[in-house]
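These are my notebook entries on one structure. I set down what I looked up, topic by topic.

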Amino acid sequence: MTSTLALSAAHPGAPFTTVTIERRDLRPDDVLIDVKYAGICHSDIHQVNEDWGPAIFPMVPGHEITGLVVAVGDAVTTFTVGDRVGVGCYVDSCGSCESCVRGEEQMCLNTPVATYNGREYDGTPTYGGYSRSIVVKEHFVVSIPDSMDLAAAAPLLCAGMTVYSPLARFGAADKNIAIIGMGGLGHVAVKIAHAMGATVTVLSQSLSKQDDGIAFGADQYYATNDPETFKKLALSFDFVLNTVSADLPLDDYLGTLKIDGAFINVGFPAEPYRFHAASIVMHQRSIVGSNVGGLAATQQMLDFCAWHNIAAEIELIGVDEITEAYEKVAASTVRYRAVIDIANTLVA
Ligand code: NAP
Ligand code: ZN
């Protein structure tokens with residue numbers, strides 16, 4: 001075992017303190033990563049606050065990780081020391097179930113191992129990227145293309161993949177689509193959907209981020225605090241991608257879908273959604289979910305983003321700014337993803 005510094009919350013909602021945690025000795029298929037950057041995903045906040053039910057504490061969040069390889073196990077073939085790499089939401093899966101065989105490790109039927117707030121198959125709790133180093137099985141490590149800045153690439157490991165996956169699956173090219181919420185996930189969704197060839201509308205609470213949205217590639221931008229918006233946009237979209245972290249009046253948004261349109265949901269609020277059956281029945285609409293993406297798809301997403309020169313817009317922060325950053329995420333005032341400068345600011 002090797003000791004490493006980490007930022008840990010002792011109990012739900014607790015402030016982060018610097019602690020020492022242990023990382024396992026390298027197994028033959030393990031990669032030891034010197035963590036440089038960790039994005040703050042809204043899911044970190046949901047989990048620290050136990051929005052999704054009982055969680056494992058102490059908790060070291062972080063599933064948007066980039067860094068450099070510093071050592072590899074004897075059987076590792078894909079990576080060598082010095083490689084620029086990333087780690088997302090999962091660090092292990094059974095490898096043999098139907099989902100794993102299909103490359104959808106995040107839906108492993110034997111419960112995938114989450115990067116943090118999870119347990120290894122031997123029961124050991126997992127600790128995420130708010131730490132100086134992490135040991136990850138080779139299969140769950142991806143390459144960061146050379147052209148990408150490591151800090152701006154970090155949010156792609158969760159936010160980027162979570163929006164790329166449904167945009168690719170539902171075929172954004174040449175479709176008229178809307179992105180609901182322009183936060184960490186939403187702003188990357190605008191860029192990726194635009195690059196895929198969609199006509200993109202942003203549905204944001206207000207027009208305060210309109211100029212940015214247009215610069216990221218949106219064709220139209222509407223404020224949902226204006227009731228006229230939903231009248232104007234009735235029956236407009238082939239699909240909408242909901243990235244909002246809170247409950248929404250779903251009927252209003254379902255009404256913006258064309259016949260056969262889909263409300264694709266990646267937002268993960270604490271409370272259940274409610275909607276009226278008429279909102280889906282009358283125009284044969286569907287509501288579907290999407291859960292990040294598998295490892296091969298994550299590498300494809302990174303290569304797609306590198307090709308199209310897409311990265312997250314970030315606010316680089318030090319470890320002493322995390323509490324403030326969490327407050328800003330909750331208030332939707334981060335532009336557009338806070339990323340912790342782990343290597344330079346997480347020190348004893
Ligand atoms: P974020 O950066 O906080 O962005 C969420 C955006 O939602 C905000 O910027 C805001 O956009 C909008 N919003 C927030 N509160 C709202 C409210 N009360 N009413 C209407 N709009 C509101 O969060 P994120 O990191 O992008 O994550 C978004 C959600 O996706 C979270 O619930 C997260 O847990 C979930 N998630 C799911 C997956 C998955 O695999 N399915 C993966 C990652 C994250 P505007 O200011 O533009 O309105
Ligand atoms: Zn996330």
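**Backbone details, ligand and cavity**

I began with Tyr336, which I found in the loop that runs between α11 (322–330) and β17 (337–341). I note at the outset that the model is a predicted one. The peptide bond leading from Arg335 into Tyr336 is cis, and its omega is near -10°.

I then looked up another cis bond. Phe57 and Pro58 are joined by a cis peptide bond with an omega of about 0°. Pro58 belongs to the loop between α1 and β4 (65–72).

Next I turned to phi angles. Asp260 has a phi near 70°, a positive value in a residue that is not glycine. I located Asp260 in strand β14, which covers residues 257–265. Asn309 also has a positive phi, near 60°, and is likewise a residue other than glycine. For Asn309 the setting is a loop, the one between α10 (295–307) and β16 (314–317).

**Entry on ligand 1**

Which residues are the closest to ligand 1? I found 29 residues around the ligand, and the closest are His42, Met182, Ser204, Lys209 and Arg337. Sorted by class, this shell holds twelve nonpolar, 15 polar and two charged residues.

I asked which helices each supply at least two residues of the shell. They are α1 (42–48) and α5 (184–196). The greatest contribution comes from α1, which gives three residues.

For Met182, a backbone N or O atom is 2.7 Å from an oxygen atom of ligand 1. For Gly184, a polar backbone atom is 2.8 Å from an oxygen atom of ligand 1. For Val292, the distance between a polar backbone atom and an oxygen atom of ligand 1 is 2.9 Å. How much of the ligand does the protein bury? Ligand 1 taken alone exposes 930 Å², and the protein buries 88% of that area.

**Entry on the cavity**

How many cavities of 30 Å³ or more does the whole structure contain? The search finds one. The largest cavity has a volume of about 120 Å³. Its lining consists of 15 residues, and those closest to the centre of the cavity are Gly88, Cys89, Gly293, Leu295 and Thr298. I also recorded the classes of the lining residues: nine are nonpolar, five are polar and one is charged.

Terms used: Residues are numbered from 1 along each chain as its sequence is written. Chains are lettered from A and ligands numbered from 1 in the order in which they are written. This is a predicted model: local features need pLDDT of at least 70, side-chain atom pairs count only at pLDDT 80 or more; totals for chains, interfaces and linings use all residues. Side-chain values use heavy atoms; hydrogens and water are left out. On a 1 Å grid over the protein atoms alone, a cavity is a set of points where a 1.4 Å probe fits but cannot get out, and a pocket is an open set with protein on both sides within 12 Å along at least five of seven lines; lining residues have an atom within 4 Å of a point. Grid points are joined across faces, edges and corners, and a volume is the space filled by probe spheres set on the points. Ala, Val, Leu, Ile, Met, Phe, Trp, Tyr, Cys and Pro count as nonpolar, Asp, Glu, Lys and Arg as charged, and the others, Gly among them, as polar. A residue is near a molecule or strand if one of its heavy atoms lies within 4 Å of it. A polar contact is a pair of N or O atoms within 3.5 Å; within protein, one must be able to donate a hydrogen and the other to accept it, and residues adjacent in sequence count only if both atoms are side-chain atoms. Accessible areas come from the Shrake-Rupley method with a 1.4 Å probe; for residues, only the protein chains shown count as cover. Helices (H or I, at least four residues) and strands (E, at least two) are DSSP runs, numbered from the N terminus.
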